[in-house]
Amino acid sequence: MADNRGRHVLDGYKVLDFTHIVAGPTCTLMLAEMGAEVIKVEFAPAGDATRGGPLNVAGRSGAFVQHNRGKKSLCVDLKHPQALPMLSELVKKVDVVVENFAPGVIGRMGLGYEKVSDLNPKAIMCSISSFGQTGPLAHEPGFDWLGAAYAGISSMGGDPNGPPYFPMIAYGDVSTGVHAMGAICAALLYRERTGRGQHLDISLLDSYFHYHEVGVQMHTLSKGEINPTRSGLHSWYAVPAGAFKGKQRYLIIIAPLEQHWVKLCEAMGQRALARDARFTTNADRLANLKELVAIIEAWIQSMPSDDAAVAALKGHRVPVAPILSVAEAVNHPHLRERGTVRTVHDRMLGDFEVPGFALRFSDFPQRLDLEAPLLGEHNEEVLTRYLGYSQARVAELEQGGILYCRHI
């Protein structure tokens, strides 16, 4: 029997991508990783802001390459009167339109959902924003950390009596892109059954709020008696669960469940501790947290090394992990074997590592070999193949400043 699988699960689907920076490009990168053809529309003359770095080597941005591999770049002066008719014709040719401008901007450009739906009733349009297309915050400027602040996420990180902390990573931007990708795939499935397109409203704030695994329900079910807040290095409701100081580094130990708590005591050679009245139940351990942390840290530091402590805990099936730096994580054999850390090749930057594609498909075990575009690199390919423009017409549009290309 012939194999009709194509390159990947979304092979044949076409995406018109008006996104920039991280959240939107994360969504469209994942679609490209699954085989969709993504046409990235960039504003002339600079293109996506991440083309400016970090890290920028000889004019080429590692950040841009990381977030935009596998996409085709069409660089257009969106203020030129000829731009809208061109983009409108492209809308008719694609399955999905993705944008992450501030609410209302894409409409003022002439490509709001009403227009997109008129042009292509089967199109899925996904609008990604900080606070959503509706609501009191909708039209405020937004970034990842602002969403974390409004979602009550920032309040949960840091010492109890100190300022809130937030990690130096794009939790909200990346997870919002993943939420958008999932919504698009579901909408495409719905379209397969009904033939109907629709508009998706995906916000960073909504995505962030999902990270409250227990805090919201504990607060509301307790009628406000429980007010979750930051608790430093250790969980505010499950003990022991947190970061414990070793000789060389901190270790994460998660053992609040009875079976893990008993095994932790056994691993430390202190079986009687499991029956100690101060620590018998989770509530007891929470009430005597400082004493328990001191006991566990004293044991870790009594071991020959942190690695020896980790080995002893793993030998008793206690959930534990060393807190690795970025440099250590990049070189961890598990992450490298699974492709979680992926080496990519760029024609200008050469080989370097980026986060790999997190989704695994049994029919498509191999990752696609994707390359990030130069600015406006695919002007001619997109317009000749999709809209039937001649090479001469594309050259004329580039000379007239409607299209733009640059070798970065």
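## The chain as a whole

The secondary structure of this chain comes to 17 helices and 13 strands. Both kinds of element are DSSP runs numbered from the N terminus: helices are H or I runs of at least four residues, and strands are E runs of at least two. This is a predicted model, in which local features need pLDDT of at least 70 and side-chain atom pairs count only at pLDDT 80 or more, while totals for chains, interfaces and linings use all residues. Residues are numbered from 1 along each chain as its sequence is written, and side-chain values use heavy atoms, with hydrogens and water left out.

The C-alpha trace spans about 85 × 50 × 50 Å along its principal axes. Of the 408 residues in the chain, 45% are buried. Here, buried means under 20% relative accessible area, exposed means over 50%, and partly exposed is in between, using a 1.4 Å probe and protein chains only. Among the contacts with a separation of 6 or more, 68% are between residues 24 or more positions apart; a contact means heavy atoms within 4.5 Å.

Let's look at the sheets next. Two strands count as paired if DSSP finds at least two bridges between them. Angles run from 0 to 180 degrees between N-to-C directions, and axes are lines fitted to C-alpha atoms, for helices over the stretch in contact.

Inside this sheet, β6 (residues 96-99) and β7 (residues 124-129) run parallel and are joined by 4 bridges. Val96 stands opposite Ile124 in β7.

## A sheet of three strands

Another open sheet has 3 strands in the order β9-β10-β11, with antiparallel pairing. Its edge strands are β9 and β11 (320-322), each pairing on one side only. Ignoring direction, neighbouring strands of this sheet are turned by 25° against each other on average.

Strand β10 (residues 250-254) pairs with β11 over 3 bridges in the antiparallel sense. Here you can find Ile252 opposite Ala321 in β11. Helix α13 (residues 306-315) lies across β10 and β11, at about 10° to β10.

## An enclosed helix

How many residues of helix α1 (residues 23-33) are buried? The count is 11 of 11, so α1 is largely enclosed by the rest of the structure. Its buried residues include Ala23, Pro25, Cys27, Leu29 and Glu33. After α1 comes Gly35, with a positive phi near 100°.

## Pocket and cavity

Rolling a probe the size of a water molecule over the atoms shows where empty space is left. On a 1 Å grid over the protein atoms alone, a cavity is a set of points where a 1.4 Å probe fits but cannot get out, while a pocket is an open set with protein on both sides within 12 Å along at least five of seven lines; lining residues have an atom within 4 Å of a point. Grid points are joined across faces, edges and corners, and a volume is the space filled by probe spheres set on the points.

The second largest pocket holds about 1,300 Å³ of space. It is lined by 40 residues, and Ile153, Met156, Gly157, Pro167 and Tyr171 lie nearest its centre. Elements that each supply at least two lining residues include α6 (144-150) and β9 (241-245). The structure also holds 1 cavity of 30 Å³ or more, and the largest cavity has a volume of about 40 Å³. Among the residues lining this cavity are His8, Glu33 and Phe357.

## Two loop residues

Leu78 lies in the loop between β5 and α3 (83-91). At 21% relative accessibility, Leu78 counts as partly exposed. Leaving out residues up to four places away in sequence, Leu78 touches Val41, Phe43, Ala83, Leu87 and Met109.

Ser390 lies in the loop between α16 (379-387) and α17 (391-399). Ser390 also counts as partly exposed, at 38% relative accessibility. From C-alpha to C-alpha, Ser390 and Met168 are 47 Å apart in space, and they are 222 residues apart in sequence.
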